[in-house]
Amino acid sequence: MTRLVELEATGPRKLDSDDVDDEKGNVAVCQCGLSDSFPFCDGSHRRTRDEADGETYVYDDDGRKRLERVVTSGDESGGADDPDQDD
Ligand code: FES
């Protein structure tokens, strides 16, 4: 099974001091989806620093690729934003 998830965050969510483990120190939760230590941030979000607004990227072992367009089954009939489609 493959799951495509779109994430827009380019950095972690740092937890409150009450949530920090005394032994591990600061804990930051990954919001970019690229961490090898998910759900914890490992700094991999730095790869997103030069992403352009409005663009979609795929990251894999070979690096990063920009997508022209993501097509979902909803797009075939105009998608959720289709003003002619009944909700
Ligand atoms: S936010 Fe994902 S690795 Fe840091």
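How many helices and how many strands does the chain have? Color the predicted model by secondary structure and you will find zero helices and four strands. Read from the N terminus, the order of elements is β-β-β-β.

**Stop 1: the whole chain**

The chain has 87 residues, of which 6% are buried. Now look at the contacts with a separation of 6 or more: 18% of them join residues 24 or more positions apart.

The chain's mean is 80, and 84% of the residues come in at 70 or more. Among the elements, strand β1, residues 13–14, has the lowest mean pLDDT at 85, while β4 has the highest at 92.

**Stop 2: the hairpin**

Select residues 56–60, which are strand β3, together with residues 63–67, which are strand β4. These two strands pair in the antiparallel sense, and five bridges connect them. Two residues sit between β3 and β4, and the pair forms a hairpin.

Asp60 stands opposite Gly63 of β4. Tyr57 has Arg66, also in β4, as its bridge partner. While you have side chains displayed, keep in mind that in a regular strand they alternate between the two faces of the sheet.

Is β4 buried or largely in the open? Zero of its five residues are buried, so strand β4 lies largely in the open.

**Stop 3**

Move on to Val70, in the segment after β4. Val70 counts as exposed because it has 10 C-beta neighbours inside 10 Å.

Then jump to Leu4, in the segment before β1. Leu4 is exposed too, as 7 other C-beta atoms lie within 10 Å. Its C-alpha is 9.5 Å from that of Val58, although 54 residues separate Leu4 and Val58 in sequence.

**Stop 3**

**Stop 4: a cis peptide bond**

Select Phe38 and Pro39 and display the backbone. The peptide bond that runs from Phe38 to Pro39 is cis, with omega near 20°. For comparison, most peptide bonds are trans. To place Pro39 in the chain, look at the loop between β2, residues 28–29, and β3.

**Last stop: the end of the chain**

Finish with residues 82–87, where pLDDT stays under 50. Beyond four places in sequence, the model gives this stretch four contacts. Where pLDDT is low, the predicted coordinates should not be read in detail.

Definitions and conventions
Residues numbered from 1 in each chain as written. Buried ≥ 20, exposed ≤ 12 C-beta atoms within 10 Å, placed from the backbone. Contact = placed C-beta atoms within 7 Å. Pairing = 2+ DSSP bridges. pLDDT = per-residue confidence, 0-100.
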